[in-house]
Amino acid sequence: EGKPYSYSGLTMQPHAWNPTMMFIKEKVDKISEQNFTTVLANLYRNEKDSNGWHADNEKELGINPVIASVSFGAERSFHLQHNFIKEQKLKINLEHGSLLIMKGTTQHFWKHQIPKTAKPIGPRINLTFRIIK
């Protein structure tokens, strides 16, 4: 609380943890062995909502950030691509209730995205837990 977070030219002002977010955070903290300080909630309304290739490498996250991503709702494809070896790619289906953890040097060597798709898809909420330094 009290620590704003900036990405893609936006600065997000924090709100207090509500009981539902605290419940999810405690589960994610335990599994990941971290103590996350913030969460971003993103709504993907349908197959047209996406985010492009990026790394979570903002200075507020430190050198080797740990990012924990929890998905609720429609399944979406999560893509990873190596920065230097373009043939190295990975696709992971993020199902309802799934937890994806990125840590170590992932943000140095890989970019990731949730692409648009032609297949109709229902809404999805993604919570990304981070530690702001």
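Among contacts in the chain (heavy atoms within 4.5 Å) between residues at least 6 apart in sequence, 76% join residues at least 24 apart. Please keep in mind that this is a predicted model, in which local features need pLDDT of at least 70, side-chain atom pairs count only at pLDDT 80 or more, and totals for chains, interfaces and linings use all residues. Residues are numbered from 1 along each chain as its sequence is written, and side-chain values use heavy atoms, with hydrogens and water left out.

**Overall fold**
- The chain holds two helices and ten strands, taken as DSSP runs numbered from the N terminus (helices: H or I, at least four residues; strands: E, at least two).
- Along the sequence, the pattern reads β-β-α-β-β-β-β-β-β-α-β-β.
- The chain's radius of gyration (over C-alpha atoms) is 15 Å, close to the 14 Å from the globule rule (2.2 Å times the number of residues to the power 0.38) for 133 residues, so the chain is as compact as a globular protein of that length.

**Burial**
- Of the 133 residues, 39% are buried, meaning under 20% relative accessible area with a 1.4 Å probe, protein chains only.

**A closer look at strand β8**
- Strand β5 (residues 67-73) and β8 run antiparallel and are joined by four bridges; two strands pair if DSSP finds at least two bridges between them.
- Opposite Leu-99 in β8 stands Val-70.
- In β8 (residues 99-102), Leu-100 and Met-102 form the covered face, while Leu-99 and Ile-101 form the uncovered one.
- In a regular strand, side chains alternate between the two faces of the sheet.

Key:
Buried means under 20% relative accessible area, exposed over 50%, partly exposed in between (1.4 Å probe, protein chains only).
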